[in-house]
Amino acid sequence: MNRVSTLFCGITLSSVILTSVIQRNEKKTIAAPIKEGNLAFVVNGEDFVRQGFVSKDNWEVNFDHVYINVDDTVAYSTSSSFEPQKGDTKESIDHQDKVSFLDTPKTADLAEGGTDAEPILVSKVNATEGFYNALSWKLITADSQSAISGKTMVLIGKAVKDGETVNFNLGFNNPTEYVCGEFIGDERQGVVAADTPGTVEATFHFDHIFGDANTPIEDALNQDALGFQPIAELASNGTVDLDDMDLASQLSAQNYQKLTEAIAGLGHVGEGHCVISND
Amino acid sequence: MTRFYFWLTLVIAIATPKQVLAHGANIEYQETTAITIQAKYDDGTPMADAQVVVYAPSDLASPWLKGTTDKSGRFTFAPNADEDNVGNWDIKVRQSGHGDITSIPIEKGKLAVNNMPASSAGYTPSQKLVMAAAMGWGFLGTALFFSRKSK
C-alpha cells in the first residue's frame, strides 16, 4: 500500500509540475510582442470614371465628379478565403482579426485627380501584421456637412453622341452595405507587414449602369445595364438634373428596375464580387 | 603468349575510361498528388482559357504558379509537400473583368480531409502527455484497488 501511495503521489506531483510549466510557456508565448503595420482603405471608380467610356448605346460619357458617402468600413483577416454568398452578412465572415477605418462617414470623389489618378485614399490605420482578405463597407445618406447632403451617391458629368451633348447631375439615396471577399486583381492586396503597408479597396463598376460599347451587346453586362439613352431622353435644354425619386417617376418601370439593380450592384473588390447585406 | 596478349588487351580496353558525349536526354518520373479545380461563371458557363494564379501558404503575396484553364474551365496543379506549405492554398481565377478566389486545405501535398484545426483548439504534446499519464494512473489505480487482498 505504501508503494501504491508513493506511486500515486509521484504521478500527481508530476502532473502538477508539468501543468505549471505548460502554463508558464503559454504565458511566454502570449507575451510575445504584436507587430503592426499600416493598412489603407481606398475607393476606386477605375478608368471608367477617371477617363470616361462609351456606353452600350454609344454615348461617350465623361465624369466631372462621382461622389460617394462611405461609412462603417471594416477589413477582416480570415484563415481561408471568404466567398460571399447571397444572404451573407458581415457576421458571416469567420475572422481571426479585423480593423475598422472610419469613426465618421466620409464623402469621396472617385473622379478626383484626373485621368491617371490613383485610387482615392479614404483612411489609413494601424493594423496587426497579417493578411486582410475580406471587406465590408456601407454607403449611407450624407449629412448636411457633405457636398452631397441627403444622398449616398451623385454622378456629375456630360455625355456626347452624334453632336448632341447632355449634361447630367444624377443623385441617388440608396443606403447599402456590401460584404465582400478578397480583392481580385493583378496583384494581391491586404498583406500587412511592419515594413510593408497593405491596402484594401472598394471598387465601383459604373459600366454596370451604362454598359460598355467595348463589350459584346449580348454579354450579360450590357443586357442588364440601363445604358445612357433612357436618361438622355429625359433631358431638358440639354441637361438632366434628377434624383432617384424623379427617375422613378420618369423612367419606365423596367428601366427604373434596371437602374436600381445596377446601382446596388456597383460595389466590388477589384474584380471580386460582393453581396448586399440586408442587415 | 597470344592468349595472354589478347586478355591483356581486353582488360586494358575495359578499364580505360572513355570520353562520353553528354548530349542525350533523360526522363525521370514519380507518382504525385494533383489538385484539379474547375471555374465557372454564375450561369454555369465554364471559364475557359482563364488566368489562374496559385498562392502557397508559405508566401501569400507572391504567385507560386501561374497558368490557364482549359476549355472546360479546369486547371490542375501538384502542390509540394514542404512543411512550410501545410495549410490553405489559394487559387485565383480571372477573366473578362470577373474573378474569384478559393482556398484549398492541403497537407503533405494532399487534400486535407478535415479543416485545419485552429491553433487555439489544439493540444500541445506536453498537454497530451499529462492527459495520458492521468488516464494511465486512473487505470492502474482501479486495477490495484480491485486486486488488493482482503484481510
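Me: How many helices and strands does chain A have?
Reply: The model is predicted, so local features need pLDDT of at least 70 and side-chain atom pairs count only at pLDDT 80 or more, whereas totals for chains, interfaces and linings use all residues. Residues are numbered from 1 along each chain as its sequence is written, with chains lettered from A and ligands numbered from 1 in the order in which they are written. Taking helices (DSSP H or I runs of at least four residues) and strands (E runs of at least two), numbered from the N terminus, chain A has seven helices and 16 strands.

Me: In what order do the elements of chain B run from the N terminus?
Reply: Chain B comes to two helices and seven strands. From the N terminus on, their order is α-β-β-β-β-β-β-β-α.

Me: What percentage of the residues in chain B is buried?
Reply: A residue is buried if 20 or more other C-beta atoms, placed from the backbone, lie within 10 Å of its own, exposed if 12 or fewer, and partly exposed in between. In chain A, with 279 residues, the buried share is 42%. For the 151 residues of chain B, that share is 16%.

Me: Which residues of α7(A) are buried?
Reply: Helix α7 of chain A covers residues 253-264. The buried residues are Lys258(A), Leu259(A), Ala262(A) and Ile263(A).

Me: Against which elements do the buried residues of α7(A) pack?
Reply: Contact requires C-beta atoms, placed from the backbone, within 7 Å. The partners in chain A are β10 (164-172), α3 (207-210), α4 (220-224) and α6 (244-250).

Technical notes: The expected span of a helix is 1.5 Å times one less than its number of residues. Two residues are in contact if their C-beta atoms, placed from the backbone, lie within 7 Å.
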